[in-house]
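Dear colleague,

I am passing on the structure we spoke of, with the sequence alongside.

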Amino acid sequence: MRAVKIILATVAGLVGVACSSYDHTCFVDVADLPLKTDREPGQDWASSPLRSHAMYVLYGAESARERRDRIGDYYFVRWYDAEPTKPVRVLMRYTQAATGADELRVEHTMTQPREAAGTRTERFFFSGEERRKKGDILTWKMELHVDGKLVDTRQSFLWE
């Protein structure tokens with residue numbers, strides 16, 4: 001968990017804060033962190049963020065098969081929840097290498113009220129057998145819906 005916080009803090013510093021102020025529900029950042037190999041990156045300073053991510057994803061994988069199954073695409077989405085009493089849906093629309101132009105979707109929904117306003121994190125993982133069959137994520141778009149209304153979006157460069 002600490003590695004995720006370090007990675008998200010690093011990405012937030014590089015990407016910048018998307019909300020001009022925290023008075024409304026909006027995305028803070030989206031970190032697209034692929035893991036392309038089951039080996040941890042080197043010990044040099046420049047590889048340390050990649051090593052942290054690899055160690056987080058590969059933690060607890062004991063066999064070579066378990067490590068291979070964790071290779072994939074990992075998305076960490078931070079967003080500010082200004083209205084904790086309203087239902088929220090974080091929707092990811094995406095395409096994969098073997099699915100062509102077919103748009104796939106996955107979502108996280110919060111229908112129960114949260115305790116207080118604040119920054120939240122959602123994770124989308126694409127790994128294992130399904131990823132091997134469908135391939136890498138090629139394009140993606142994140143949508144943030146509050147009470148059924150679209151309030152913010154983020155997308156990859158190639159999304160149309």
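Strand 3 (residues 88-96) and strand 6 (residues 137-146) run antiparallel and are joined by 9 bridges, and within this pairing valine 88 has valine 146 of strand 6 as its bridge partner. Strands here are DSSP runs of E of at least two residues, helices are runs of H or I of at least four, and both are numbered from the N terminus; two strands are said to pair if DSSP finds at least two bridges between them.

Before going further, please keep in mind that this is a predicted model, in which local features need pLDDT of at least 70 and side-chain atom pairs count only at pLDDT 80 or more, while totals for chains, interfaces and linings use all residues. Residues are numbered from 1 along each chain as its sequence is written, and side-chain values use heavy atoms, with hydrogens and water left out.

In the loop between strand 6 and strand 7 sits aspartate 147, whose phi is near 55°, a positive value in a residue other than glycine. Aspartate 147 is partly exposed, at 42% relative accessibility; buried means under 20% relative accessible area, exposed over 50%, and partly exposed in between, with a 1.4 Å probe and protein chains only.

Alanine 31 stands opposite phenylalanine 76 of strand 2, and strand 1 is mostly covered, with 8 of its 10 residues buried.

Leaving aside neighbours within four places in sequence, phenylalanine 124 is in contact (heavy atoms within 4.5 Å) with several residues, including Tyr75, Val77, Met92 and Met142. In soluble globular proteins, nonpolar side chains tend to be buried together.

The aromatic residues deserve a separate paragraph. The whole structure holds 5 aromatic pairs, where rings of Phe, Tyr and Trp (its six-membered ring) pair if their centres lie within 6.5 Å, with planes under 30 degrees apart counting as stacked, over 60 as edge-to-face and the rest as tilted. In one of the pairs, the ring centres of tyrosine 75 and tryptophan 140 are 5.8 Å apart and the planes stand at 65°, so this pair is edge-to-face. Because tyrosine 75 is in strand 2 and tryptophan 140 in strand 6, the pair ties together parts that are 65 residues apart in sequence. Both residues are buried, and Tyr75, Tyr94, Phe126 and Trp140 form one aromatic cluster.

Which charged side chain might you look at next? Arginine 93 lies in strand 3 and is buried, with a relative accessible area of 17%. The side chain of arginine 93 makes a polar contact of 2.9 Å with that of glutamate 103 and another of 2.6 Å with that of glutamate 143; a polar contact is a pair of N or O atoms within 3.5 Å, where within protein one must be able to donate a hydrogen and the other to accept it, and residues adjacent in sequence count only if both atoms are side-chain atoms.

For the chain as a whole, there are 4 helices and 7 strands, and 41% of the 160 residues count as buried.

With best wishes
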